[in-house]
Amino acid sequence: MSLPPLVEPAAELTVDEVRRYSRHLIIPDVGMDGQKRLKNAKVLCVGAGGLGSPALMYMAAAGVGTLGIVEFDEVDESNLQRQVIHSQADIGKSKAQSAKETVQGINPLVNVVLHEERLEADNVMDIFAQYDLIVDGTDNFATRYLVNDAAVLLNKPYVWGSIYRFDGQASVFWSEHGPCYRCLYPEPPPPGMVPSCAEGGVLGVLCASIGSIQVNEAIKLLAGIGDPLVGRLMIYDALEMQYRQVKVRKDPDCAVCGENPTVTELIDYEAFCGVVSEEAQEAAAGSTITPKQLKEWIDGDEKIEIIDVREPNEYEIVAIPGSRLVPKNEFLMGNALQDLPQDRRIVLNCKTGVRSAEVLAVLKSAGFADAVHVGGGVIGWVHQIEPEKPVY
């Protein structure tokens, strides 16, 4: 369905702007009026990572007048495979600052506003209120639900995208004209059920595919052209090179945008989504050791069996010396329990400690009362014990 333009047009375009945006101006659907609306628009990008990189760069090139960036992280070498707004020289620098420099290098006419802080329930309403449109480039469920609920409460449209390995999704959520994110996903998946990109990986160029769709939708909304992805979910399979659409209807029973909403103010989204399950939290309480403690046990020839519960491709990158690979799913299916030694203490590890905590809960319930896991996982081991090894 077509929607009215989201913003009013600016008074005029300068001669320099006409030269810069001439290829837009000769498109009848955009023209002078549409480009003036882009100039007058204020768009906030949540995140300057995989999706935020192409989104910010193409919105800057398109002439969006004000770009806000919410980002608190620093550039890491592992980001460069997909976060093309940053360069080798930016490693260790604030992602927000790095993104700003790239945006201004692309288009110095764009006003860039930085929000160098973690987006949370106590600041999201004030930040969102300053913008016409939100582009969501987040990579975790807690922030996605936070973005959605704040947008609904403020009646702000936002363009959503998601990426994982070879798969991408995109949609436009605007409760005034269609469904919100909760209409599509009323509840977050169980903790540990859906791996993050940091655990499962993502094809770098997939970020460009989905990020460019997000910018395309943002331009349509701002200029009031075309048929936005409101009420439609675009699904992209890069491996098979297939796009398909799924209709998403507004849920009258939606907790936040339904006829009788139960969520009328922001909630604790970390608790709502959960980093790990309650069972894992209980299992890890008092049964978590540090990498330094594990090193002492190894050096002291303690009777331990170190089990790495990651995936084989992760194990190939880096592993704790002496560890044996048994992927998490082998424990969840029950296949691995019979092969565990009874005469040694089981020490579990994963990348950061989330998956190993879930497996620890399985072991505890199976009678391995003295089993422990390594807090911080193999990443903590590298940082504290073997800094010469790679991280990912």
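Predicted model: local features only at pLDDT ≥ 70, side-chain atom pairs only at ≥ 80, totals over all residues.

Colleague: What makes Arg-344 and Glu-305 a salt bridge?

Modeller: The cut-off is a Lys or Arg side-chain nitrogen within 4 Å of a carboxyl oxygen of Asp or Glu. For Arg-344 and Glu-305 the N to O distance is 2.7 Å, so the pair meets the rule. By that rule the count comes to 16 salt bridges.

Colleague: Where do Arg-344 and Glu-305 sit in the chain?

Modeller: Arg-344 is in the loop between helix H15 (328-332) and strand E12 (345-349), while Glu-305 is in strand E10 (residues 304-308). They are 39 residues apart, and the pair links distant parts of the chain.

Colleague: Why is Glu-305 called buried, and why is Arg-344 called partly exposed?

Modeller: Buried means under 20% relative accessible area, and exposed means over 50%. Glu-305 has 12%, so it counts as buried. Arg-344 has 33%, which puts it in between, so it counts as partly exposed.

Colleague: Which residues are linked with Glu-305 and Arg-344 in a network of salt bridges?

Modeller: Arg-324 and Asp-343 are linked with them. Asp-343 forms a salt bridge with Arg-344, and their closest N and O atoms are 3.5 Å apart.

Colleague: And what makes Glu-314 and Arg-355 a tie between separate parts of the sequence?

Modeller: Their side chains meet in a salt bridge at 2.9 Å, N to O. Glu-314 lies in helix H14 (residues 312-317) and Arg-355 in helix H16, so the pair ties together parts 41 residues apart in sequence. Both Glu-314 and Arg-355 are buried.

Colleague: Why is H16 described as mostly covered?

Modeller: Nine of the 12 residues in H16 are buried. Among them are Arg-355, Glu-358, Leu-360 and Val-362.

Colleague: How do you know that the length of H16 agrees with what it should span?

Modeller: H16 covers residues 354-365, and at 1.5 Å a residue its 12 residues should span 16 Å. The end C-alpha atoms are 17 Å apart, which agrees.

Colleague: Last one: what makes Asp-268 count as exposed?

Modeller: The cut-off for exposed is over 50%. Asp-268 has 51% relative accessibility, so it counts as exposed. Asp-268 lies in the loop between strand E8 (242-247) and helix H11 (269-273).

Colleague: Which residues form the negative surface patch with Asp-268?

Modeller: Glu-117, Glu-120, Asp-122 and Glu-270 form the patch with Asp-268.

Conventions. Residues numbered from 1 in each chain as written. Heavy atoms only, no water. Patch = residues over 30% accessible without salt bridge, like charges linked within 9 Å, V, L, I, M, F, W, Y side chains within 5 Å. Areas by Shrake-Rupley, 256 points an atom, 1.4 Å probe, with all protein chains shown as cover. Lys, Arg positive; Asp, Glu negative; His and termini not counted. Charge placed at Lys NZ, Arg CZ, Asp CG, Glu CD. Helix = DSSP H or I, 4+ residues; strand = E, 2+ residues; numbered from the N terminus. Buried < 20%, exposed > 50% of the residue type's maximum accessible area, 1.4 Å probe, protein only. Expected span 1.5 Å × (residues − 1).
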